[in-house]
Amino acid sequence: MTDIFKLIEDLKVDFKVKGFDIVSPFKVQDYNNNALHKINDYGRNSALGLIIGCTKQFWEHFNRYIIEQAEIPKDPMNSFCKDTIEQVIKNNVPIHQYQHELLYDWNSPRSGKYVHIQTCGHFAGIAQYDKEIMWSVHPEYGLWFVFRAVLVVNVEFNPESLPQLPTEPILTVPVKNRMKALTQQAIEEGWANLETRLQIRDCCPIGKEKYRYSGDMFDYFYPISRTSREVLETIRSNQKVEK
């Protein structure tokens, strides 16, 4: 049997090479004890969960993926995440000793593979999930990161310790109140107003200077001045010019 802690460290390296620089283990039991929608624990007291996410470091990998496609996928970001994450898993020989399952952030409750990914991130010690504001806040990245998937592995996982988040609140009261108000506004707008969504991220000062999106990446996720598809078409056309 593969040493599970070595497997975790190897997967962290494999994912980082592909742009997913947030990879951290958690105990599935911790999640299931605190979430409405449970995930498969394979009948174990403490199965292994691994949350997978990224900061803006993934963007160059996404660009390369888009350039390599015969045409722009219908759902470019989800296609990139699914193809890349599943390729990493496929290429990691030791993981195939164990039953495992991938759950994505876009899975709906009806799919039977839904996971409240912010709760996973909280118990993995990555980001504080605040139910009042419905956002996860990273001590360094602030709001400029995203969780993409959870890998559940049928193996007993009993670490002596897990990464710990700060015990004190990460956000100040004024910032939290502002985020709460803006989130409520976004809900009332059906999350359709990009300006409101951007204000939520921008009102949190943590990580904003270093990790805030910019350039093509900003325009892709916040298509205010041009559409996301126009961004991707520009990336592909620039590649043809360089050739």
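Biologist: Is Trp191 buried, exposed or partly exposed?
Modeller: Trp191 is partly exposed, with a relative accessible area of 35%. Buried means under 20% relative accessible area, exposed means over 50%, and partly exposed lies in between, using a 1.4 Å probe and protein chains only.

Biologist: And where is Trp191?
Modeller: Trp191 is in the loop between helix 6 and helix 7. Helices here are DSSP runs of H or I with at least four residues, strands are runs of E with at least two, and both are numbered from the N terminus. Trp191 is not a glycine, yet its phi is positive, about 60 degrees.

Biologist: What should I know about the model itself?
Modeller: It is a predicted model, where local features need pLDDT of at least 70, side-chain atom pairs count only at pLDDT 80 or more, and totals for chains, interfaces and linings use all residues. Residues are numbered from 1 along each chain as its sequence is written, and side-chain values use heavy atoms, with hydrogens and water left out.

Biologist: Left-handed or right-handed crossing for helix 6 and helix 7?
Modeller: Helix 6 passes helix 7 in a left-handed crossing. A crossing is left-handed if the near helix is turned anticlockwise from the far one by less than a right angle, and right-handed if clockwise.

Biologist: Which residues meet there?
Modeller: From helix 6, Arg178, Met179, Leu182, Thr183, Gln185 and Ala186. They meet Thr196, Gln199 and Ile200 in helix 7. Contact means heavy atoms within 4.5 Å. The residues of this contact of helix 6 with helix 7 divide into 4 nonpolar, 4 polar and 1 charged. Ala, Val, Leu, Ile, Met, Phe, Trp, Tyr, Cys and Pro count as nonpolar, Asp, Glu, Lys and Arg as charged, and the others, Gly among them, as polar.

Biologist: How many bridges join strand 2 and strand 6?
Modeller: Strand 2 (residues 47-54) and strand 6 (residues 146-156) pair over 8 bridges, in the antiparallel sense. Leu48 has Val153 of strand 6 as its bridge partner. Leu50 is partnered by Leu151 of strand 6.

Biologist: And strand 3 with strand 6: how many bridges?
Modeller: 5 bridges join them, and they run antiparallel. Leu102 stands opposite Leu151 in strand 6.

Biologist: How many residues of strand 6 are buried?
Modeller: 10 of its 11 residues, so strand 6 is mostly covered.

Biologist: What about helix 1 and helix 4: what is their packing angle?
Modeller: Helix 1 and helix 4 pack at about 140 degrees, with axes 10 Å apart. They are therefore oblique to each other. Their crossing is right-handed. Leu11, Asp14 and Phe15 of helix 1 make the contact with Ile85, Val88 and Ile89 of helix 4. Those residues divide into 5 nonpolar, no polar and 1 charged.

Biologist: One more. Where is His122?
Modeller: His122 is in helix 5 (residues 117-123). At 29% relative accessibility, His122 counts as partly exposed. Leaving out residues up to four places away in sequence, His122 touches Ala127, Gln128, Tyr129 and Leu165.

Methods: Two strands pair if DSSP finds at least two bridges between them. Axes are lines fitted to C-alpha atoms, for helices over the stretch in contact, and angles run from 0 to 180 degrees between N-to-C directions. Angles under 35 degrees count as roughly parallel, over 145 as roughly antiparallel, 65 to 115 as roughly perpendicular and the rest as oblique.
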